[in-house]
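Below is a structure, followed by questions on the terms used to describe it. Each answer sets a value against its definition.

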Amino acid sequence: MPRLATPLLALALAAVSGSAQELFERPAGVVTRWYSFENPNGAPGQGGRANQGRKGAAWKAVKPGETVVLADVAGPGVVRRIWLTVPGQVETLRGWVLRMYWEDQSWPSVEAPLQDFFGLPFARQAAFESALFSNPEGRSFNCFVPMPFRKRARLAITNESPKEANLFYDVDVTLGDALPKDLLHFHARYRRENPTTPRRDFEVLPRVEGRGRYLGANVGVRETSHRRPLWFGEGELKVYLDDDRELPTLVGTGTEDLVGSAWGLGRFDHLYQGTPLTAEKNGVWGFYRYHVPDPVYFDRAIRVTLQQMAGGTVSELRKLPPGERPELVRSHRPFDPDDHAGAAGDGTWENFETPQDVCATAYWYQALPSPRWPALEPYADRVRDLGDR
């Protein structure tokens, strides 16, 4: 059965008008514009001018250090779709950075390495489809998140790698949209810890203050100290809302449970949850969860974390060298084989703390101003330890 676009359509329209719009309705005063190298200003009747209109500006070679403005648009309006493609190499997938600026704000509301923003971590290409992002054949990027703005939207890509590469892109916008009074703006932020610190939960989204809605995240995990047959995904997602400090309001039950699966993970891609990358095929884990039908609202603040826990049987833990025996979650002490005497206990399951290489790109809406984040990690650190590709 083909997937239905209705939930996504409802999300996009409700985000800017407060109610679902029928496909056959024509909103008064709203116009459509596409921005690309063939019409960089989205001007009426000015597309395809290069080479006498015979496909003269389909792409551009982007030099190291160069910034390309994808669209600089006067509002009100809504960014409806972004499509682009670049060579599928580390230098572009992790070395290029996408930034978006809303209204008169001089710092970005969106900042992430190119492919991490579009739903896949660790510079891997894989075909997948979700409600918010897709990669039809593993060589292009699509974003369908509606991004409203009142005065101005500016989208730009910077090549922070040492290698020149070609860029093809298209940004689809509607202008003249009737926007709600209490408008929320789209945000996205990437971060990575390599490695994480045992017993210190990885922050998918560090604390953000304001009013908004958390859309979800894509997360990448590269197992380091403890790999298969040990299981990486025992960590729980925690969402700290508003005045939460020590304990969160929203708590998951495990990493595979977060993405709607159970008892381990295989490859799948559904509308709101999926695992496009697996350690068996890709050398790393890549998974996503988008809270479209199950909204996560916050009024004053939000913080999202993921515990760094793994698990395995006693018999598997016995095989680890003494220096690699982890701290057990149950006892808060290092694994000791003598505590599990006899073969009868070899099948006992134990969860334990473990360091891992973890990255995440979080997506949310909030009222401006946007948080002022530290600078992204340097290019050399972003491309380090990407594992076998």
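**Strand pairing and burial**

Five bridges join strand β16 (residues 237-241) to strand β22 (residues 301-306), and the two run antiparallel. The model is predicted: local features need pLDDT of at least 70, side-chain atom pairs count only at pLDDT 80 or more, and totals for chains, interfaces and linings use all residues. Residues are numbered from 1 along each chain as its sequence is written, and side-chain values use heavy atoms, with hydrogens and water left out.

Q: Why are β14 and β17 placed at the edges?
A: The open sheet has the order β14-β22-β16-β17, with antiparallel pairing. β14 (202-209) and β17 (250-251) each have a single partner strand, so one side of each is left without a neighbour in the sheet.

Q: Why is β13 called largely enclosed?
A: Buried means under 20% relative accessible area (1.4 Å probe, protein chains only). Nine of the nine residues of β13 (residues 185-193) are buried, so the rest of the structure largely encloses this strand. Both faces are covered, with H185 among the buried residues on one side and F186 among those on the other.

Q: In which sense does β13 pair with β6, and in which with β25?
A: β6 (residues 110-113) and β13 pair in the parallel sense over two bridges, with A188 as the bridge partner of V110. β13 and β25 (residues 356-366) pair in the antiparallel sense over nine bridges, and W364 is the bridge partner of H187.

How values were computed:
Buried means under 20% relative accessible area, exposed over 50%, partly exposed in between (1.4 Å probe, protein chains only). Helices (H or I, at least four residues) and strands (E, at least two) are DSSP runs, numbered from the N terminus. Two strands pair if DSSP finds at least two bridges between them.
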